[in-house]
Amino acid sequence: MNAPPTRRFTSAHRRRQAWRRRWLALPAMLRHALTGVCAALLLVFLLAVLFRGGMSTWWWPDSRSEALRMQADAALEAGRLTADDGSGARELFEAALALKPDQVQAREGLARVALAALARARREVDQKRYTAASADLQLAQVLDAPREKVDAILASLQEHEADNGGIDQLLARAAAARDAGRLDQDEASALPLYQRVLAMQPRNQHAVEGREDALTDLLLPAQAALDRGDVQAVAGLLQRARRFDSGHVELPALQAGLAQLVEARAQRVRVLVGKHSFERAAALCVELRGLQGSRAMPATCRTDVMDGLVTRATRLAADFDFAGSEELLATATELSADDPRIRDARRHLAQARRGASKLPDAHRPNQRDMAKVQALLADAAKAQARGDWITPPGDSAWDKLRAARALAPDDARVQRALAGLEPSARKCQADALRDNRLRESQACLDVWRQLDPLDRDLPQARQRLAQRWIAIGDQRLERGEINAATQAAEQARLLDPATPGLDEFTRRLRRAQPGKS
């Protein structure tokens, strides 16, 4: 039975009203939903800002390392195994590994690079491209390719070179060069020619005997140089001989004699440091450095001598003796031009030049300056409370006390303030280090070094602070914060270039920046 027309009309009207209400409510629902989404996005953004490194690691793990691995895979696919500009597969895999040392994919990538180098070397031997084959073999060896495969390709390379090199002709040229006294001046000299033969035929008796005779001729002046104490001449001859045969029979005795000369000079350096004769000690350090780089220098050259030169230069700059400061920094530069402590001292010198007008004239005697002394002591106490121990020039606690001492050197208040500065600096340095306030700790250490540059506790304090900087740098490197990690490494090197772990961290940092040396 059909419903009456009036009832049907009412039911349809109600449905239209319900749909109308829903349609009108739709914008409000959309607004509420959009507001919720925006709030969630804002929360994520704020968390990312507050926890930069941690959030990025949580949400996008190893993104930089993954990008480097993808670039390395592409370079490997293109046959670009290594490149000086950092774009080679080897350098990119090493950069990824430096960011995250425990990852397996980058290590496997380096193994694939080694195998690719071996395969290419084998093809290059067949194509008689011996120089290129030798370079690829060297790359494979550096990346720990299987030894038996390397040896097999190397033997093939040497055999091919021997077949095409004319062994007898090379031996004749080497003998003629030795007779003419040309031992190692260039590639046409006797020793390089004998080396070429031995690279192709390691057991060639004529080449072995010829090389030994030529090395004996080369080392003839060494004993006379030892007798007259000429360290540079002996070291130079030994270095030239080792290029061709590090096991030559005459080398051990000559090396022992050289070691005695070096030790005598190192002992002299320590004596001069004890006398605060840093410039004369630096001259000996420079001589020793010329032997085998910084490895031949005693540790005191890198620490006490450099510290003595830089500290004295900084003091002279603070006293406005700019010429004397420049002279000492020139001596320090001759010892180690790249030492970051020299750059730091030059910054102090530049600041001292700019701040020279801030201090009163210390050379003008005036009996009425006692009020000025009192004001300087008050300013020094305020600067010490602020942590301005040694900077900025003219407004630091150290500068205020020096100005007060210049005006009244015998004043008991000045003497007490100076006497109390060193233990305060020690405590400040230790407290700041404990609380991980490294820059404040370093500023306090600088004051300590200024007051007593030869304190026995200084090297250990420097090393502890340097190791803390390395730890901070390691954390930054793992987060991919290359600039912050680089700054931490520079701070550690400024404090103690020989601190354990610094060289390894620096190598990781360089690998994380392909294309930079």
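This is a conversation about how to read a few features of a predicted model.

Colleague: I would like to begin with the sulfur atoms, so how many disulfides does the structure hold?

Modeller: In general, a disulfide is a covalent bond between the sulfur atoms of two cysteines. The structure here, which is a predicted model, holds two disulfides. When the bonded cysteines of the chain are numbered in sequence order, the pairing reads 1-2, 3-4.

Colleague: Which parts of the chain does the pair of cysteine 285 and cysteine 301 link?

Modeller: The sulfur atoms of cysteine 285 and cysteine 301 are 1.9 Å apart, and the two residues form a disulfide. The pair links distant parts of the chain, with cysteine 285 in helix 14 (residues 278–292) and cysteine 301 in helix 15, 16 residues apart. The angle about the S-S bond is -80°, and the link of cysteine 285 and cysteine 301 is left-handed. Cysteine 285 counts as buried because its relative accessibility is 0%, and cysteine 301 likewise counts as buried, at 1% relative accessibility.

Colleague: Where do cysteine 428 and cysteine 444 lie?

Modeller: Cysteine 428 and cysteine 444 form a disulfide with their sulfur atoms 1.7 Å apart. Cysteine 428 lies in helix 20 (residues 412–434) and cysteine 444 in helix 21 (residues 438–451), so this pair ties together parts that are 16 residues apart in sequence. Both cysteine 428 and cysteine 444 are buried.

Colleague: Turning to helix packing, at what angle do the axes of helix 15 and helix 16 cross?

Modeller: Angles over 145 degrees count as roughly antiparallel. The axes of helix 15 (residues 299–318) and helix 16 (residues 322–335) come within 7 Å of each other and cross at roughly 160°, which means that helix 15 is roughly antiparallel to helix 16. The crossing in which helix 15 passes helix 16 is left-handed.

Colleague: Which residues meet in that contact between helix 15 and helix 16?

Modeller: On the side of helix 15 the residues include Cys301, Val305, Met306 and Leu309, and on the side of helix 16 they include Phe322, Leu328, Leu329 and Leu335. The residues of the contact of helix 15 with helix 16 divide into 12 nonpolar, three polar and one charged. Cys301 in helix 15 is also the cysteine 301 that forms a disulfide with cysteine 285.

Colleague: How do the axes of helix 17 and helix 23 cross?

Modeller: Angles of 65 to 115 degrees count as roughly perpendicular. The axes of helix 17 (residues 340–354) and helix 23 (residues 482–495) come within 8 Å and cross at roughly 90°, so helix 17 is roughly perpendicular to helix 23. Pro340, Arg341 and Asp344 in helix 17 meet Glu490, Arg493 and Leu494 in helix 23, and the residues of this contact divide into two nonpolar, no polar and four charged.

Colleague: Is glutamate 94 buried or exposed?

Modeller: Glutamate 94, whose place is in helix 4 (residues 89–99), is buried because its relative accessible area is 17%, and under 20% means buried. Leaving aside its neighbours within four places in sequence, glutamate 94 is in contact with Leu110, Leu143 and Arg511.

Colleague: Finally, what is the phi of lysine 128, and of aspartate 144?

Modeller: Most residues other than glycine have a negative phi. Lysine 128, although not a glycine, has a positive phi of about 65°; it lies in the loop between helix 5 (104–126) and helix 6 (130–142) and counts as exposed at 55% relative accessibility. Aspartate 144 has a positive phi near 60°, lies in the loop between helix 6 and helix 7 (147–165), and is exposed, with a relative accessible area of 68%.

Terms used. Residues numbered from 1 in each chain as written. Predicted model: local features only at pLDDT ≥ 70, side-chain atom pairs only at ≥ 80, totals over all residues. Heavy atoms only, no water. Axes fitted to C-alpha atoms, helices over the stretch in contact; angles between N-to-C directions. Helix = DSSP H or I, 4+ residues; strand = E, 2+ residues; numbered from the N terminus. Parallel < 35°, antiparallel > 145°, perpendicular 65-115°, else oblique. Left-handed = near helix turned anticlockwise from the far one by under 90°. Contact = heavy atoms within 4.5 Å. Nonpolar A, V, L, I, M, F, W, Y, C, P; charged D, E, K, R; others polar. Disulfide = S-S within 2.5 Å. Buried < 20%, exposed > 50% of the residue type's maximum accessible area, 1.4 Å probe, protein only.
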